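Let's walk through this structure together, one piece at a time. Have the sequence and the 3D view at hand.

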Amino acid sequence: MSDNDFFLVGDPIRDEKAPEGPINERWDKRRFSAKLVNPANRRKLSVIIVGTGLAGASAAATLGEAGYNVTSFCYQDSPRRAHSIAAQGGINAAKNYRNDGDSIYRLFYDTVKGGDFRSRESNVYRLAQTSVEIIDQCVAQGVPFAREYGGLLDNRSFGGVQVSRTFYARGQTGQQLLIGAYQALERQVAAGSVKMNTRHEMLEVIVVDGRARGIIARDMVTGEIETHFADAVVLATGGYGNVFFLSTNAMGCNVTASWRAHRKGALFANPCYTQIHPTCIPVSGDYQSKLTLMSESLRNDGRIWVPKAHGDTRDPRQIPEDERDYYLERIYPSFGNLVPRDIASRAAKNVCDEGRGVGPGGLGVYLDFAAAIERMGRDAVEAKYGNLFDMYQRITGENPYEVPMRIYPAVHYTMGGLWVDYDLQSSIPGLFVTGEANFSDHGANRLGASALMQGLADGYFVLPNTINDYLASGPFEGIDESHPEAVAAKEQVTSRIDKLLSIQGSRTVDSFHKELGHIMWEYCGMERSEEGLTKAIELIRALRAEFWRDVKVLGTNDELNQALEKAGRVADFLELGELMCIDALHRRESCGGHFRAESQTEDGEALRHDDEFAYVAAWAFGGDDSKPVLHKENLEYEYVEMKQRSYK
Amino acid sequence: MNITLRVWRQKGPDDEGRLATYKLTDVSPDMSFLEMLDVLNEKLTLENEEPVAFDHDCREGICGACGVVIDGEAHGPERTTTCQLHMRSFKDGDTITVEPWRAKAFPVVKDLVVDRGAFDRIIQAGGYISAPTGTAPDAHANPIPKPDADRAFDAATCIGCGACVAACPNASSMLFTAAKVTHLGMLPQGQPERASRVVQMINQQDEEDFGGCTNIGECAAVCPKGIPLDTISQLNRDLLGSLSKGVG
Amino acid sequence: MAVTGAILVLYLIAHMYGNLKIFSGQEAFDGYAHSLRELGYPMLPESGFLWIFRVVLLASVLIHAYAAVMLWRRANKARPAAQRYQVKKKVDRTYASYTMRYGGVLIALFVVFHILHLTTNDIAPGGASDSPYERLVNGFQPEFWYVTLFYVLSVIAVGLHLRHGIWSALATLGANRSSRQGKLNAVAVGIALIVTVGFLLPPLAVTFGLVS
């Protein structure tokens with residue numbers, strides 16, 4: 001078999017907007033070379049922004065403040081519910097308030113290395129530069145970051161870095177940042193510069209003369225299929241982790257907006273880069289609908305272990321010390337329980353695959369605080385982790401002060417996304433992509449506390465300084481609903497909905513989604529192999545065919561119909577899943593969140609092949625019955641030397 | 001576990017609505033309440049009955065999307081969100097009544113789904129600090145005493161779920177508004193707009209047809225985030241201050 | 001609501017103080033009642049202060065009642081009859097908080113009766129008299145047990161009204177902090193209890209023959 005059974009190779013691409021020169025001057029250069037829009041003309045220019053998470057709400061607020069005519073969409077009942085709200089840990093910024101040797105350069109370096117050398121240096125450097133302004137902006141909005149007794153901001157170290165650069169608001173940093181952005185957005189709604197459409201789902205992008213000119217959205221309450229036009233469209237629609245059904249994402253998170261854009265010509269980059277978070281509460285039964293993350297900080301004091309013997313079902317407290325395997329401490333003596341996320345996750349999978357997992361189905365490992373309680377005292381443990389312990393107890397019904405917690409890895413974040421240039425513009429002119437929905441900054445693995453940073457950098461500071469270069473050549477030719485492209489896009493949406501409602505088969509939407517999730521988790525999860533991925537592609541194709549033959553969606557389009565909403569999303573996941581497997585199959589190396597069984601060192605660590613794979617894999621949609629086309633964007637490292645990671 | 005559910009079914013805002021009774025067998029005590037509703041919906045779908053519509057998203061207690069009244073209590077018997085309530089809080093053989101939030105300001109969209117847009121409009125009326133992007137001074141320009149920052153944080157944890165309104169005998173949104181007024185009012189950045197903020201937000205709240213606050217305290221008692229009742233006193237102090245300055 | 005309520009509470013406390021003079025005998029009680037008419041005299045005409053006081057009280061009662069009706073109407077509008085819960089459980093609220101509206105109406109009716117009985121003496125169970133002391137003693141004789149019963153129930157309604165009302169007024173006026181929430185509630189319970197007992201003692205003392 002050759003990979004080309006599954007895809008075609010197209011011409012290489014490059015980021016035409018990326019400025020050259022010293023890395024610390026590139027963002028200045030780009031801002032200077034970008035065309036500006038006279039404030040008086042901004043009112044005549046319209047921008048559609050889909051999604052109201054950190055990347056969407058901040059962009060909508062900022063572009064509204066600048067005077068553009070913004071229309072914003074979200075599928076939730078309020079923009080404040082976007083899933084950025086669930087981020088717990090914190091947000092990185094190179095403030096060096098601790099005087100501990102941090103700098104923009106160090107944040108840049110850590111992020112490039114953490115991304116396992118699969119991200120763009122220019123983008124990452126800009127991200128690190130912008131991080132400083134984000135904190136200032138958020139504080140000015142009233143985000144209540146943690147403070148010390150002197151009244152200054154507190155920092156902590158997070159995700160295995162050696163400096164304290166993470167700003168946080170207890171375990172609810174994402175919530176506080178999102179509320180800040182949401183309030184800024186609502187201020188613009190009140191000012192009339194942003195029009196907010198809640199409970200609206202984007203189902204198609206309208207491309208006219210090669211430019212993104214609008215979207216088709218469904219009013220989820222009335223079912224009305226609406227056509228909206230603008231001079232530019234921004235997708236801030238988040239990641240696609242829900243392709244696995246079980247993930248830490250919100251139930252509604254979906255790939256539809258990105259996927260519809262992809263089908264209209266936007267390249268999809270590195271779809272196989274998935275981050276699996278090691279400390280989640282394990283699955284307890286078939287009914288499980290989502291996985292809950294337990295903050296990574298638990299690994300600072302908890303010890304991870306499994307029984308040495310296979311199938312040992314004794315009460316963990318009865319298992320003597322010498323019959324326990326503290327496998328992370330054993331394999332990685334210098335980092336121990338604090339190894340990066342991808343390594344901790346895969347190690348847990350390995351011990352469970354050996355049959356030493358604990359809890360229902362043997363899919364779990366112990367995270368034990370007995371030693372910490374003995375060393376620090378129960379009160380100190382409670383002060384530090386009390387809220388997490390409570391959450392664990394609420395969900396599992398077990399008391400973690402007495403019985404070790406059980407944890408298991410879960411899909412958490414997707415580094416891949418729509419391909420964008422330095423301006424955050426996709427391969428469709430006028431279609432911009434921000435936040436987790438794009439692929440740009442994290443490479444093959446994202447460091448802790450960097451997702452919030454990227455979402456806000458894109459929305460507050462990057463996009464508002466680059467979109468003007470595009471809009472300066474607008475306003476574009478006026479079009480209305482009778483334009484053939486608008487009519488065609490609307491027709492695509494309505495016929496798809498009609499089709500979904502007309503099948504009236506025998507299986508529910510969720511049953512398909514769960515089955516897809518099982519396939520993805522099994523073959524395109526923590527460890528991937530040629531054999532498994534090939535099999536997964538076959539299974540997904542068969543499942544997709546069955547879906548379109550046998551799905552059962554009740555009700556009509558003219559009402560709130562949650563099954564219909566889900567059906568459309570699952571239909572798109574069924575296409576994305578295949579592309580993820582193809583991407584994973586073609587990348588015959590291990591890097592970051594992508595581990596290929598065939599590419600590992602002698603002692604089982606991830607092995608990159610920089611000579612062959614130091615590129616961004618940007619996929620073009622080939623058509624429903626044709627293969628996707630791979631375009632490679634070469635990655636060059638001028639500042640950070642490419643090295644193999646080691647945590648031994 | 002076997003559970004009998006009495007679920008509010010309402011086709012749309014103009015429908016009268018009624019309680020429908022469903023029986024579920026094999027409910028696991030480890031299921032969340034919403035997962036139990038998922039199981040119900042799978043069953044209904046296969047029986048050709050339309051599934052029950054309910055709002056939910058993050059299912060980890062932070063987005064504020066979910067929320068139903070369970071046996072007469074907003075979010076049910078535990079002090080948490082509906083998504084974090086588990087079936088182990090119920091007994092085998094229980095009959096559980098599930099209703100939507102009920103308030104004129106929260107019209108029912110369908111079944112258990114209500115429209116909470118009124119909360120967004122209260123925020124639009126003044127629940128923000130005007131700090132256009134790019135205008136901020138350094139984050140350390142304004143030290144904030146830790147107690148103030150902590151109190152602001154406690155109030156800022158509001159998730160806007162609407163349980164306070166659902167539980168209030170007057171269907172008042174005072175705790176929601178007070179949480180925001182307190183959050184922003186505790187911070188130096190929030191001072192310039194403090195006097196007008198409270199007046200504008202209260203006016204909007206009245207315009208949305210929420211009831212008046214009579215300090216009964218059910219709001220704070222059901223709040224899944226433990227927003228303290230004293231935020232309402234804080235709001236009243238701010239309001240008295242504003243009125244005495246002639247604002248509003 | 002809070003301000004007028006506070007005026008009325010202060011008035012009630014003074015009123016209770018006066019009532020308790022009954023235990024000092026007829027002379028003291030009647031003398032006290034008479035002295036109220038002389039307050040401020042000769043700066044003010046006879047009974048002048050009393051009338052100013054009555055006007056303030058009446059205005060407070062009317063404003064208080066008006067605000068209550070407005071709140072009640074708003075609550076009904078905010079959750080109309082068609083949107084009532086099929087099942088509703090109390091979580092943390094006090095029993096007193098349930099009694100505010102119906103209890104308020106009962107108290108209003110009682111005040112009218114009370115004025116007709118003991119102030120204007122138009123209603124005079126046991127015989128009219130110019131002596132306030134005698135009016136009181138006549139009115140609460142055991143054979144008029146229904147008068148006493150109505151009085152007792154009304155005073156309990158007042159007590160419950162104060163239990164929630166004092167707490168609520170303090171909260172509305174901005175006095176509540178999480179750290180003192182318990183204390184404010186204790187103050188409300190304390191004043192409510194004192195006022196209830198203080199108002200119940202004189203009539204019950206008459207009924208049970210301790211004062212004659």
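## Strand pairing in chain B

Two strands count as paired if DSSP finds at least two bridges between them. Please keep in mind that this is a predicted model.

Strand E1 (residues 3-9) of chain B pairs with strand E2 (residues 18-24) of chain B in the antiparallel sense, over seven bridges. Within this pairing, B:Thr4 has B:Lys23 of E2(B) as its bridge partner. E1(B) also pairs with strand E5 (residues 95-99) of chain B, in the parallel sense and over four bridges. Here B:Val7 stands opposite B:Val98 in E5(B).

## Where the chains meet

Chain B brings 67 residues to the contact, and chain A brings 64 residues. On the side of chain B that touches chain A, the elements giving two or more residues are helix H1 (33-46), strand E6 (108-110), helix H2 (117-124), helix H3 (146-156) and helix H5 (174-185). The largest share, seven residues, comes from H1(B). Sorted by class, this side of chain B has 31 nonpolar, 20 polar and 16 charged residues.

## Two domains in chain A

The domain assignment of chain A gives domain 1 (277-412) and domain 2 (484-616). Taken over C-alpha atoms, their centres are separated by 30 Å.

Each of these two domains of chain A gives five residues to the contact between them. Which helix gives the most to the side of domain 1 that touches domain 2? That is helix H9 (residues 341-353) of chain A, with four residues. The residues on this side of domain 1 divide into one nonpolar, one polar and three charged.

Technical notes. Residues are numbered from 1 along each chain as its sequence is written. Chains are lettered from A and ligands numbered from 1 in the order in which they are written. This is a predicted model: local features need pLDDT of at least 70, side-chain atom pairs count only at pLDDT 80 or more; totals for chains, interfaces and linings use all residues. Two residues are in contact if their C-beta atoms, placed from the backbone, lie within 7 Å. Ala, Val, Leu, Ile, Met, Phe, Trp, Tyr, Cys and Pro count as nonpolar, Asp, Glu, Lys and Arg as charged, and the others, Gly among them, as polar. Domain bounds come from an automatic or database domain assignment.
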